[in-house]
Amino acid sequence: MQMRGVGRRLAVAGLLAAWVGTGGAVAQTPIRIGAVLQLTGDLAWYGQEIGRGYELGAKYVNAHGGIGGRLIELMRVDVPSPTAALAEIGRLQEAGVKIVIGTGSSAVALAATPAVERNGMLWWESNALDNGITARRLKHVFQFAPNNDSFSDASVALFETLAPQMLGKALKDISVGLIYENSAYGTSQSKAQKARLEALGVKLVSDQSYDRKSSDLSPVVLQLREAAPDVLIETGYQDDIVLFWRQAKELGYLPKIAISSGAAATQDFANALGRGGVDGIIGYNYPFHEMSEAGAPGAASYAAVYQAAYGNPPPSGHPLAGYAAMLALADVMRAAGGDDPDAVAKAAHAMDKPLGSYPNGAGMKFTEWGRNERAPVSGFQWQHGKMVTIWPASVANGKAMGPLVPWDKR
Amino acid sequence: MSVVLQAVLSGLLTGGVYAMVSVGLTLIFGVMRIINFAHGDFVMLGMYAAVGLGVAAGLDPYVSVAVVGPGFFVLGMGVHALVIRPLVRRGAPHTTQALATLGLSVVIVSAVLLTASGRSVIATTGLTTAVVHVEGLVLSVTRLLAFAIALVATGLLYLFLNHTYAGMAIRATAQDRKAAVLLGLPTERADMVAFGLGIACAAIAGAVMVPFFYVNPFVGQPLGLVAYIVVVLGGMGSMVGALVGGLAIGVTEALSGYLLDPGLKELVYLLLFVAALILMPSGLFGVRGAERMAE
């Protein structure tokens, strides 16, 4: 009898040990998060930078306990264009990925998100702006990033705030020119901008789209020279924006105020135009790390980590957007207790974090269909060769200067 | 009116670069009857070569042409020897040869992406954004120099093709390959030299664009597409046609962009291209029926 009792106890102890051991192994199993990036193709630079933000964010999360003790393991896939999205999402699903973070291209996000939804996964958008990402009412798609409306709102808000004081005129007396690259990004931005400008009663004297791969934008510059708007609002990518400004300088065109999309928010842009070419240009973009720490806690330490990891300071706000999105996703996954898409979606909807909760100044509060109402866009201005955040006031670390100094006086 | 003249001038300067790219392609197309899908990518490689020479040896892009041109001539002959000639010797049809160049294009772009990344390189020289004023019009110095070098290179190529034995052999091969073979002309060598010259022209076009245009692995493809249009518009195998076609496309782009909408300029020149071919199927300077003689 005693021997049977001992045997039973040993068997139970053995089972318990096996169960704990198994539970321990489960607790240590990493959580795979798919990262959809443009690693090749003409958006490869953006994909690389956003990917760096994800990596640094994942490292930060892992250094602070992971997700309930489980470390994040990023599985990067290259989706240079929408046609590759289906296959890569399928590949992620086969690899057991349930949560996907992405991406630098609205076209890719629009193609990938229905596939994610059909496959029972969850999409966490860090950078792509298209309103359509959440307009299709997919239950497991969340746009932590700002969207086109927020970007275009920011451009018009900058105009509305700065133009009257810089020009000494009422809004209705200020003329505006719009130029934009003619893909989904540029046309969707400009459509929203036009609607807002019209609502403000502003005179739109020039409205031009162009192919961003064009080698000559002189027709755009010449039309603007003829129309002579007080304020130019432009939407494009870095390469075409640089080409535009170089040809604008050659042809002697300069508005009184220039508000440029995020393409102007890189050091490469400043280097391409030189200090004389870039000073005074105002831009709006994902927040850059040079912000007030009060409104963007952790931005400075993120920048230091980026510098240490990659040997140069962050060149734009793109990686910070990716970094902040990864931190926010981790918070939601912790609240959900793991990576079950339904639980993560539920936890995301329950989140209510004020602006200034994340290193890019973001908060977190999602609408019914997954748009983050607290996704910030910031306005900056090139001053003496450096980007100074000038808007909104909560993250500003300088004041706006203007109007633009004529080319021959720089 | 002066604004329209300014648009025409800008278009001419851009057209000069298109002509340079197209001259090389028309030579290859005219002689070998293959579509080189990688042609635009050699423009891109020429850009990277100019940038690389600038970084490594401090060479100005315009000076680097003296190295890029001969270097890519040799590279082009090597590509012909390794990729095209084996297919020709095996009697592969033109479509197969063209598909081989498509594969080459993918290899080139992928190789550059791996080594240089997708990030655009935007070079700045002392002449970037420099201008000269002529009678109230503005000329971009960098584009003017690109135009001038394109004209000189095209002129030298024309002289070579028309006043040297090798050039005449190339022209004879382009005109009637069978007859050239029967006459004992070294047609295979003519192909190789023509390919090398065509690639050299593409690379020189790339090098001279560096002071005013960004460089990334994908810039060559739109330029290659324009070159095809110019070659067909100008007349296959015609140097003069490539020059005039390039200038015509440049001016059409600029004028339609200014007078209509910049977003429509490609549409306009494509429509004009179709219209021109309906009226002149052999192109502006092509010889009607000559394109069939070499098959």
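In this predicted model, strands β11 (residues 378–383) and β12 of chain A run antiparallel and are joined by five bridges. Within this pair, Gln381(A) has Val388(A) of β12(A) as its bridge partner. The hairpin formed by β11(A) and β12(A) has two residues between the strands, and His384(A) there adopts a positive phi near 50 degrees.

**The seven-stranded sheet of chain A**

- Strands β11(A) and β12(A) belong to an open sheet of seven strands, whose order is β7-β6-β8-β9-β10-β11-β12 and whose pairing is mixed.
- The edges of this sheet are formed by β7 (203–210) and β12 (386–391) of chain A, each of which pairs on one side only.
- Direction ignored, neighbouring strands of the sheet are turned by 25 degrees against each other on average.

**The five-stranded sheet of chain A**

- An open sheet of five strands in chain A has parallel pairing and the order β2-β1-β3-β4-β5.
- Its edge strands, each pairing on one side only, are β2 (72–78) and β5 (141–143) of chain A.
- From one strand to the next, the twist averages 25 degrees.
- Strand β3 (residues 99–102) of chain A runs parallel to strand β4 (residues 122–125) of chain A, and four bridges join the two.
- In this pairing, Gly102(A) of the one strand stands opposite Glu125(A) in β4(A).
- Helix α4 (residues 106–118) of chain A lies across β1 (31–37), β3, β4 and β5 of chain A, and its direction is at about 155 degrees to β4(A).

**Domains of chain A**

- Chain A is divided into domain 1, covering 28–146 + 295–376, and domain 2, covering 149–285 + 379–409.
- Taken over C-alpha atoms, the centres of domain 1 and domain 2 of chain A are separated by 29 Å.
- Where the two domains of chain A meet, 15 residues of domain 1 are in contact with 13 residues of domain 2.
- On the side of domain 1 of chain A that touches domain 2 of chain A, seven residues are nonpolar, seven are polar and one is charged.

**Contact between chains A and B**

- Between the chains, 31 residues of chain A are in contact with 32 residues of chain B.
- On chain B, the elements α1 (2–32), β2 (137–140), α10 (239–259) and α11 (265–279) each supply at least two residues of the side that touches chain A.
- Helix α1(B) provides the largest share of that side, with five residues.
- By class, the residues of chain B on the side that touches chain A comprise 14 nonpolar, 13 polar and five charged.
- Helix α8 (residues 218–227) of chain A packs with α1(B) at an angle of about 165 degrees, and their axes are 10 Å apart. Because of that angle, α8(A) is roughly antiparallel to α1(B).
- The crossing in which α8(A) passes α1(B) is right-handed.
- In this helix pair, Ser218(A), Pro219(A), Leu222(A) and Glu226(A) of α8(A) meet Val3(B), Gln6(B), Ala7(B) and Ser10(B) of α1(B).
- The residues of the contact of α8(A) with α1(B) are four nonpolar, three polar and one charged.

**A helix pair within chain B**

- Helix α2 (residues 39–57) and helix α9 (residues 220–234) of chain B pack at an angle of about 130 degrees, with axes 7 Å apart. It is therefore as an oblique pair that α2(B) and α9(B) are classed.
- Helix α2(B) passes α9(B) in a right-handed crossing.
- From α2(B), the residues His39(B), Gly40(B), Asp41(B), Val43(B) and Met44(B) meet Gly220(B), Gln221(B), Leu223(B), Gly224(B) and Ala227(B) in α9(B).
- The contact of α2(B) with α9(B) is made up of four nonpolar residues, five polar and one charged.

How values were computed. Residues numbered from 1 in each chain as written. Chains lettered and ligands numbered in written order. Predicted model: local features only at pLDDT ≥ 70, side-chain atom pairs only at ≥ 80, totals over all residues. Pairing = 2+ DSSP bridges. Axes fitted to C-alpha atoms, helices over the stretch in contact; angles between N-to-C directions. Contact = placed C-beta atoms within 7 Å. Nonpolar A, V, L, I, M, F, W, Y, C, P; charged D, E, K, R; others polar. Domains from an automatic or database assignment. Parallel < 35°, antiparallel > 145°, perpendicular 65-115°, else oblique. Left-handed = near helix turned anticlockwise from the far one by under 90°.
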